[in-house]
Amino acid sequence: MISTPSKPATSEAFSREDWRRGYQTQSEEASYWVDDITGQIPPELSGTLFRNGPGTMDVGGDRFHHPFDGDGMICAFTFVDGKVFFRNRYVRTPGFIAEQEAGKILYRGVFGTQKPGGFLSNAMDLKLKNIANTGVHYWGEKLMALWEAAEPYGLEPVNLETLGPEYLDGLLKAGQAFSAHPRIDPGSTRTGGKRRFVNFGVKTGLSSAINIYEFEEDGSLATQQTRNVPGFAFLHDFVITENYYVFFQNPVKFNPLPFVFGQKGAAQCLEFDPKGKTQMLVIPRDAAQPVQRFETESCFVFHHANAFETAGAFEQDGKLIVDSICYPSFPSVEPGEDFMETVFEDVPPGQLFRFTADLSQGNVTREEISLRPCEFPSLHPAKVGKDARYYYIGCVIDPNIANAPLQSIIKLDLQGEPKTWTAAPRGFISEPLFVSRNPSDVNAAEDDGWVLCLIYNAARHASDLVILNAQDLQEVARVNLKQHIPYGLHGSFTVETFGITA
Ligand code: CO
């Protein structure tokens, strides 16, 4: 049995009022060169950081039940010659436009938001509002806002104007799932040394069909395959290696009736089975090879950090290694609960584990890497699918704390001691992202670069983009925005500056 931290969060660690204000709806859209900068932005940092996350927490004062139900708002930071140009804009999905015009909630949310009027006005209404709020990626000269249950939205990269639903040259149908967690394959002999954008979409029910796509650098489709697996599958994220795609099928059951009858959101109908087994689905990138399934102890996984094969995973002694953030159960906000009143000690903590699958023996073992509650893992982009030494992850301020808001960043060194940086007591962090100083230098150290992280700074009720030196995790610069950005989800970095000049 795993030992879990048990220390309660103390009231001095953070103010709940501070934490709550970071969720306030941001209704302003802005575009400006940031002139309030502490320290110095490294002039060699060149490119654009895109971030996505729910920007609304309410419509016309009616609160969403869960922050994940908020509308996608994109932020972009373009770095040129030590300067930074910022802009933020909502994704104009039809649902967003309709609700803003009506000034009230018109759609039910996956995570429990209900229309006003109780269950009678929600029953039998199974329409989904594409909120485009989870990820954002630039690939093949397209900027896309991603939400896993439907098609992405295309955006114009400089002014973030919404171009409309993106069907990827007819690959996707209206409403077809396309995950918010693509993996960028840095390239291997399989891809001819070229990078690829790898993503999936799942259609689930009593059994599940997983569509997996790989796109070339120019956006054209390189490969596509569909695999059918038994059982309901809640698949938020996946990992890739040179030869495999790996998914974790969490031990959850789905009973849609409370959703259909207007009592619960779809995600609130997931029932976690603590006695069940988590299934590791190992899907060969070679579509002619069969899927392998491995069982491991019950846990719930949203995010993986990375995966890799040890030398000759196809051989007798080869292994497949997957590092994932595991929760002892599914953290949901039930009807009648208010997430603003979250008792952090009672929320299951995410902890980093290493799973080792022996493909020839058909078994998996797992061991803990770090029990410190954490989320949002990141690594050097060239190490995706390969044996990485460093991870940069959001975490709680004290390794022994049971659970708390993310206020620190940990650099885990799988060969040495971790380093941490903290935004506490009044800063709350989002996903840290590693950016390489010189992506084309194959001899550069794995941690030669920066960690970019957008923090909510309650002292100013505004957000700061913090730039840390990835080697020692010391703060290099801080970009002080004029406004706050509500706690976000995922982002990505591209070396493109889109013609923006300082
Ligand atoms: Co995610």
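Colleague: Which residue just after H2 takes a positive phi?

Modeller: Just after H2, Gly103 takes a positive phi of about 70 degrees; helices (H or I, at least four residues) and strands (E, at least two) are DSSP runs, numbered from the N terminus. This is a predicted model, in which local features need pLDDT of at least 70 and side-chain atom pairs count only at pLDDT 80 or more, while totals for chains, interfaces and linings use all residues. Residues are numbered from 1 along each chain as its sequence is written, and side-chain values use heavy atoms, with hydrogens and water left out.

Colleague: Which residues of H2 are buried, and which are exposed?

Modeller: Buried means under 20% relative accessible area, exposed over 50%, and partly exposed in between (1.4 Å probe, protein chains only). In helix H2 (residues 94-102), Gly95, Phe96 and Glu99 are buried. These residues cover an arc of only 100 degrees around the axis, which puts them on the same side of H2, the arc being that of the directions from the helix axis to the C-beta atoms. On the other side of H2, Pro94 and Glu101 are exposed.

Colleague: Why is strand E28 largely enclosed by the rest of the structure?

Modeller: In a regular strand the side chains alternate between the two faces of the sheet. In E28 (residues 408-413), 6 of the 6 residues are buried, so the strand is largely enclosed; Ser408, Ile410 and Leu412 lie on one side, with Ile409, Lys411 and Asp413 on the other.

Colleague: Which strand forms a hairpin with E28?

Modeller: E29 does, with 5 residues between the two strands.

Definitions and conventions. Pairing = 2+ DSSP bridges.
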